[in-house]
Amino acid sequence: MDSNSPTKIRVGVLRGGVSPEYDVSLASGANVFAALSQDLSHKYKPVDMLVTRDGKWHIGGVPATRESIRDQVDIIWNALHGGIGEDGTVSSFMHHDLEIPFTGSRAYASALAMEKPLAKQKLKSFGIKMPLHYQIDLYDRNIHGPLKLYAVEKAKEVFRMCPAPWVIKPVSGGSSLGIRVAKTLPELAQMIEQAVTGDEEVMVEQWIFGREATGAVIENFRNKELYPLLPIEIQKSPNDVFDYESKYNGTTREVIGGSLTENEKRKIEELSALVHKELGLRHYSRSDFIITPRGEVYFIEVNSLPGLTSESLVPKALSAVGMSFPNFVDHVLELVMNEQ
């Protein structure tokens, strides 16, 4: 594809999906679609691509087959979050089945980033500080016996690993969905009992007390292979978790730089770039951190397809470095075209 061609480049904006992050994906996709149809309309023709909650694909509101997708788009902007959109399933489908260029990481890197324990294991050799974590298998009565006893035993194993409080979260969830905090052993056992009967594997993580911050990177910007955006501090009550609700209902304050020292900012920028590179991510990503009162920076997790809604952190960080959202969309699509 020649970006200088008078023919507009057809960009399929893929959104929705089967994960609990469906609504966030719709909003991210809407922002990308708006940028393409307004500021970038001279160059691109956006095509709405929707995956419904039950996994059906549509283009422009019409059910789509694999062949019809190939015929109607030149590039796909992957705005799916969580589930098949971020675990490598859709990346593999676009790459191997459709053979259409797409934004975001390829299948292996996506899957690696999505599985938090695997990502931590991959990054362990780089000396990155990370909370202790304990992965718990989903409950199977035939294997584990009575559910309550299984949960109590697992809670005791976690307690022997590290003291309270603990964070309980899905192994592969996103948008801070399903996160809970336990402060006592009985509370931990109860939360494990509830969590291990679900559809996703569970991990219990050491609670790191401190300020929450996030750092994003984009590739090949301003003569840097990996350009770090300014870190953002998430300001909230010290005992609250930056969960799904607080992320998108405006109850927290996200402050560029915040109270972070220059050393803390630099460390977050370095770690965000390191995580992106070593996990093999593509185009852009956002990593989350906790900074302790002693100034230690702990890596929590990485988002290979971070949200792009009006409440999301990446657009705010882009604005802080003087990059408009439409320019970001154009930049990422240029990256894709230059890779072909």
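**Close-up 1. Asn31, Val32, Ala35 and Leu36 of H1 meet Phe325, Pro326, Val329 and Leu333 of H13.** This is a predicted model, in which local features need pLDDT of at least 70, side-chain atom pairs count only at pLDDT 80 or more, and totals for chains, interfaces and linings use all residues. Residues are numbered from 1 along each chain as its sequence is written, and side-chain values use heavy atoms, with hydrogens and water left out. Contact means heavy atoms within 4.5 Å. Helices are DSSP runs (H or I, at least four residues), numbered from the N terminus. H1 spans residues 22-37 and H13 residues 325-339; their axes come within 9 Å and cross at roughly 90°. Axes are lines fitted to C-alpha atoms over the stretch in contact, and angles run from 0 to 180 degrees between N-to-C directions. H1 and H13 are therefore roughly perpendicular (65 to 115 degrees). Their contact has seven nonpolar, one polar and no charged residues. Ala, Val, Leu, Ile, Met, Phe, Trp, Tyr, Cys and Pro count as nonpolar, Asp, Glu, Lys and Arg as charged, and the others, Gly among them, as polar.

**Close-up 2. Helices H5 and H6 pack at an angle of about 100°.** Their axes lie 5 Å apart. That angle makes H5 roughly perpendicular to H6. Leu112, Ala113 and Met114 of H5 touch Lys116, Leu118, Ala119 and Lys122 of H6. Five of the contact residues are nonpolar, none polar and two charged.

**Close-up 3. Helices H8 (residues 147-161) and H9 (residues 185-195) pack at about 125°.** The axes are 8 Å apart. On the H8 side, the contact includes Leu147, Ala151, Val158 and Phe159. H9 contributes Leu185, Leu188, Ala189, Ile192 and Glu193. By class, the contact has 10 nonpolar, no polar and four charged residues.

**Close-up 4. The second largest pocket has a volume of about 190 Å³.** A pocket is an open set of points on a 1 Å grid over the protein atoms alone, where a 1.4 Å probe fits, with protein on both sides within 12 Å along at least five of seven lines. Its volume is the space filled by probe spheres set on the points, which are joined across faces, edges and corners. Lining residues have an atom within 4 Å of a point. Among them are Pro117, Lys120, Gln121, Ile128, Met130 and His133. H6 (residues 116-123) gives the most to this lining, with three residues. The lining divides into five nonpolar, two polar and two charged residues.

Notes:
Helix = DSSP H or I, 4+ residues; strand = E, 2+ residues; numbered from the N terminus. Parallel < 35°, antiparallel > 145°, perpendicular 65-115°, else oblique.
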